[in-house]
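Please keep the sequence and the structure in view while reading.

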Amino acid sequence: LGVLLRIFGGGNLEGRKGVAMALHAISILKAKGIRATYTLGGSGPERAHLEALAAKMGVAGDVLFSQGYSGDQYRQRLAATDVYLLPSLRETAGITMMEAMLAGCYTFVLGGTGAADIVAKTGGSPIAASDPDGAVAKIVAELEWCHRHRTEMLQRAQEGAEGIRVMYSKEAYQSAMRNIYTN
(Lines give C-alpha, C1' and ligand atoms only; values in the text may rest on other atoms or scores of the structure.)
Protein backbone atom coordinates (compact mmCIF):
# COMPACT_ATOMS: atom_id res chain seq x y z
CA LEU A 1 0.00 0.00 0.00
CA GLY A 2 2.98 2.34 -0.05
CA VAL A 3 4.35 4.93 2.31
CA LEU A 4 2.06 6.19 5.06
CA LEU A 5 0.77 9.76 4.63
CA ARG A 6 0.73 11.39 8.08
CA ILE A 7 -1.93 14.08 8.47
CA PHE A 8 -2.55 16.38 11.46
CA GLY A 9 -5.38 18.74 12.35
CA GLY A 10 -5.50 20.74 15.54
CA GLY A 11 -8.08 22.80 17.31
CA ASN A 12 -11.49 22.69 18.87
CA LEU A 13 -13.56 19.86 17.40
CA GLU A 14 -16.76 21.57 16.41
CA GLY A 15 -18.88 21.40 13.27
CA ARG A 16 -17.45 24.48 11.55
CA LYS A 17 -13.92 22.98 11.62
CA GLY A 18 -14.86 20.60 8.80
CA VAL A 19 -13.37 17.48 10.39
CA ALA A 20 -16.30 15.33 9.19
CA MET A 21 -15.32 16.20 5.61
CA ALA A 22 -11.72 15.23 6.36
CA LEU A 23 -12.89 11.88 7.77
CA HIS A 24 -14.86 11.23 4.57
CA ALA A 25 -11.70 12.00 2.59
CA ILE A 26 -9.64 9.60 4.73
CA SER A 27 -12.19 6.83 4.11
CA ILE A 28 -12.03 7.42 0.34
CA LEU A 29 -8.22 7.36 0.41
CA LYS A 30 -8.33 4.08 2.30
CA ALA A 31 -10.72 2.60 -0.29
CA LYS A 32 -8.22 3.66 -2.97
CA GLY A 33 -5.44 1.82 -1.17
CA ILE A 34 -3.61 4.93 0.09
CA ARG A 35 -2.40 4.49 3.65
CA ALA A 36 -2.97 7.57 5.80
CA THR A 37 -3.30 8.45 9.46
CA TYR A 38 -5.15 11.52 10.66
CA THR A 39 -4.22 12.81 14.11
CA LEU A 40 -6.58 15.29 15.72
CA GLY A 41 -4.87 17.35 18.38
CA GLY A 42 -7.75 18.72 20.37
CA SER A 43 -11.18 17.98 21.70
CA GLY A 44 -14.54 19.69 21.70
CA PRO A 45 -18.30 19.31 21.46
CA GLU A 46 -18.19 17.21 18.25
CA ARG A 47 -15.59 14.70 19.42
CA ALA A 48 -18.00 11.86 20.30
CA HIS A 49 -19.86 12.35 17.02
CA LEU A 50 -16.61 12.37 15.04
CA GLU A 51 -15.34 9.23 16.80
CA ALA A 52 -18.61 7.47 15.92
CA LEU A 53 -18.40 8.75 12.34
CA ALA A 54 -14.82 7.46 11.98
CA ALA A 55 -15.95 4.03 13.25
CA LYS A 56 -18.96 4.01 10.90
CA MET A 57 -16.70 4.83 7.95
CA GLY A 58 -14.21 2.12 8.86
CA VAL A 59 -11.33 4.49 9.62
CA ALA A 60 -11.35 4.46 13.44
CA GLY A 61 -7.94 2.75 13.39
CA ASP A 62 -6.58 5.41 11.03
CA VAL A 63 -7.74 8.41 13.07
CA LEU A 64 -6.12 9.28 16.39
CA PHE A 65 -8.19 11.47 18.68
CA SER A 66 -6.11 13.11 21.39
CA GLN A 67 -6.80 15.70 24.05
CA GLY A 68 -4.10 17.85 22.49
CA TYR A 69 -0.36 18.23 22.71
CA SER A 70 1.93 20.77 24.30
CA GLY A 71 5.60 21.65 24.49
CA ASP A 72 8.08 19.14 23.10
CA GLN A 73 5.35 16.57 22.50
CA TYR A 74 3.52 19.05 20.25
CA ARG A 75 6.66 19.99 18.32
CA GLN A 76 7.55 16.30 17.87
CA ARG A 77 4.04 15.50 16.63
CA LEU A 78 4.21 18.29 14.04
CA ALA A 79 7.73 17.30 12.97
CA ALA A 80 6.46 13.76 12.33
CA THR A 81 3.60 15.02 10.12
CA ASP A 82 3.46 15.40 6.35
CA VAL A 83 0.23 17.36 5.90
CA TYR A 84 -1.76 19.78 8.02
CA LEU A 85 -5.48 19.49 7.27
CA LEU A 86 -8.29 21.27 9.07
CA PRO A 87 -10.86 22.19 6.41
CA SER A 88 -12.49 24.83 8.56
CA LEU A 89 -15.48 26.65 7.10
CA ARG A 90 -14.65 29.81 9.06
CA GLU A 91 -11.10 30.41 10.19
CA THR A 92 -9.18 33.59 10.87
CA ALA A 93 -5.43 33.42 11.38
CA GLY A 94 -5.15 29.71 12.16
CA ILE A 95 -2.34 29.74 14.74
CA THR A 96 -2.11 25.93 14.84
CA MET A 97 -1.96 25.94 11.04
CA MET A 98 0.93 28.41 11.07
CA GLU A 99 2.75 26.37 13.73
CA ALA A 100 2.34 23.29 11.54
CA MET A 101 3.71 25.20 8.55
CA LEU A 102 6.73 26.32 10.57
CA ALA A 103 7.31 22.67 11.48
CA GLY A 104 7.45 21.77 7.78
CA CYS A 105 3.94 20.43 7.19
CA TYR A 106 2.39 20.92 3.77
CA THR A 107 -0.86 22.79 4.34
CA PHE A 108 -4.13 23.15 2.54
CA VAL A 109 -7.38 24.61 3.76
CA LEU A 110 -10.74 25.58 2.31
CA GLY A 111 -10.77 28.84 0.40
CA GLY A 112 -12.67 31.93 1.48
CA THR A 113 -11.19 32.13 4.99
CA GLY A 114 -8.43 34.13 6.63
CA ALA A 115 -6.41 30.92 6.88
CA ALA A 116 -6.77 30.44 3.11
CA ASP A 117 -5.39 33.94 2.51
CA ILE A 118 -2.36 33.09 4.64
CA VAL A 119 -1.81 29.75 2.93
CA ALA A 120 -2.13 31.29 -0.54
CA LYS A 121 0.58 33.85 0.25
CA THR A 122 3.01 31.42 1.87
CA GLY A 123 3.14 28.27 -0.25
CA GLY A 124 0.20 26.05 0.64
CA SER A 125 -3.03 25.48 -1.22
CA PRO A 126 -6.42 27.01 -0.57
CA ILE A 127 -9.08 24.81 -2.17
CA ALA A 128 -12.35 26.23 -3.45
CA ALA A 129 -15.55 24.29 -2.97
CA SER A 130 -19.18 25.33 -2.96
CA ASP A 131 -20.65 22.27 -1.20
CA PRO A 132 -19.49 19.51 1.19
CA ASP A 133 -19.27 16.79 -1.48
CA GLY A 134 -17.17 19.08 -3.68
CA ALA A 135 -14.95 19.90 -0.72
CA VAL A 136 -14.43 16.21 0.08
CA ALA A 137 -13.56 15.47 -3.56
CA LYS A 138 -11.00 18.28 -3.58
CA ILE A 139 -9.53 17.20 -0.24
CA VAL A 140 -9.14 13.67 -1.61
CA ALA A 141 -7.49 15.00 -4.79
CA GLU A 142 -5.09 17.13 -2.75
CA LEU A 143 -4.18 14.25 -0.44
CA GLU A 144 -3.65 11.95 -3.44
CA TRP A 145 -1.32 14.60 -4.91
CA CYS A 146 0.57 14.74 -1.60
CA HIS A 147 0.89 10.96 -1.55
CA ARG A 148 2.21 10.78 -5.11
CA HIS A 149 4.44 13.88 -5.08
CA ARG A 150 6.35 13.67 -1.79
CA THR A 151 9.41 15.61 -2.96
CA GLU A 152 7.39 18.48 -4.40
CA MET A 153 5.12 18.44 -1.35
CA LEU A 154 8.16 18.79 0.92
CA GLN A 155 9.53 21.63 -1.22
CA ARG A 156 6.21 23.48 -1.05
CA ALA A 157 6.07 22.88 2.71
CA GLN A 158 9.53 24.43 3.09
CA GLU A 159 8.38 27.43 1.02
CA GLY A 160 5.37 27.74 3.31
CA ALA A 161 7.56 27.66 6.42
CA GLU A 162 9.79 30.38 5.02
CA GLY A 163 6.77 32.44 4.00
CA ILE A 164 5.36 32.27 7.54
CA ARG A 165 8.76 33.16 9.02
CA VAL A 166 8.99 36.25 6.83
CA MET A 167 5.36 37.45 6.80
CA TYR A 168 4.79 36.99 10.53
CA SER A 169 8.17 38.02 11.87
CA LYS A 170 8.68 40.73 14.46
CA GLU A 171 10.27 42.88 11.77
CA ALA A 172 7.30 42.52 9.40
CA TYR A 173 4.91 43.39 12.21
CA GLN A 174 6.90 46.45 13.26
CA SER A 175 7.17 47.61 9.65
CA ALA A 176 3.42 47.26 9.13
CA MET A 177 2.70 49.21 12.31
CA ARG A 178 5.14 51.97 11.31
CA ASN A 179 3.41 52.26 7.94
CA ILE A 180 -0.02 52.47 9.56
CA TYR A 181 0.96 55.18 12.04
CA THR A 182 3.23 57.25 9.82
CA ASN A 183 1.07 57.42 6.71
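In which helix does Glu144 lie? Glu144 lies in helix 6, in what is a predicted model.

## Glu144 and its partner Lys32

With a relative accessibility of 17%, Glu144 counts as buried, because the limit for that class is under 20%. Leaving out residues up to four places away in sequence, Glu144 touches Leu29, Lys32 and Ile34.

One of these contacts is also a salt bridge, in which Lys32 pairs with Glu144 and the closest N and O atoms are 3.2 Å apart. The pair links distant parts of the chain, since Lys32 is in the loop between helix 1 and strand 2 (36-41), Glu144 is in helix 6 (residues 132-148), and the two are 112 residues apart. Whereas Glu144 is buried at 17%, Lys32 is partly exposed, with a relative accessibility of 48%.

## Helix 1

Helix 1 covers residues 19-31, which makes 13 residues, and from its first C-alpha to its last it reaches 19 Å, close to the 18 Å expected at 1.5 Å a residue. Its buried residues are Val19, Met21, Ala22, Leu23, Ala25, Ile26, Ser27 and Leu29; of these, Leu29 is also among the residues that Glu144 touches. After the helix comes Gly33, which has a positive phi, near 85°.

Lys30, by contrast, is partly exposed at 43% relative accessibility, and it forms a salt bridge with Asp62 in which the closest N and O atoms are 3.0 Å apart. Because Lys30 lies in helix 1 and Asp62 in the loop between helix 2 (47-56) and strand 3 (63-66), this pair ties together parts that are 32 residues apart in sequence.

## The nonpolar core

The largest nonpolar core has 53 residues, and those that touch the most other members are Ile7, Leu23, Tyr38, Val83, Leu85, Met97 and Leu143. In soluble globular proteins, nonpolar side chains tend to be buried together.

Leu23, from the buried set of helix 1, shows which parts of the chain meet there: setting aside neighbours within four places in sequence, Leu23 is in contact with Tyr38, Leu50, Leu53, Ala54, Met57, Val59 and Val63.

## Salt bridges elsewhere

The structure holds nine salt bridges in total. In another of them, Asp82 pairs with Arg6, with 2.8 Å between the closest N and O atoms. Asp82 lies in the loop between helix 3 (71-79) and strand 4 (83-85) and Arg6 in strand 1 (residues 5-10), so the bridge ties together parts that are 76 residues apart in sequence.

## Aromatic pairs

A pair of aromatic rings is described by the distance of the centres and the angle of the planes. The structure holds five such pairs, among them Tyr106 and Phe108, whose rings are tilted, at 6.4 Å centre to centre and with 45° between the planes. Tyr106 counts as buried at 0% relative accessibility, and Phe108 likewise counts as buried at 0%.

Ring pairs also link Phe8, Tyr69, Tyr74 and Tyr84 into a cluster.

Technical notes:
Residues are numbered from 1 along each chain as its sequence is written. This is a predicted model: local features need pLDDT of at least 70, side-chain atom pairs count only at pLDDT 80 or more; totals for chains, interfaces and linings use all residues. Side-chain values use heavy atoms; hydrogens and water are left out. Helices (H or I, at least four residues) and strands (E, at least two) are DSSP runs, numbered from the N terminus. The expected span of a helix is 1.5 Å times one less than its number of residues. Buried means under 20% relative accessible area, exposed over 50%, partly exposed in between (1.4 Å probe, protein chains only). A nonpolar core is a set of buried Ala, Val, Leu, Ile, Met, Phe, Trp, Tyr and Cys residues joined through side-chain atoms within 4.5 Å. Contact means heavy atoms within 4.5 Å. A salt bridge is a side-chain nitrogen of Lys or Arg within 4 Å of a carboxyl oxygen of Asp or Glu. Rings of Phe, Tyr and Trp (its six-membered ring) pair if their centres lie within 6.5 Å; planes under 30 degrees apart count as stacked, over 60 as edge-to-face and the rest as tilted.
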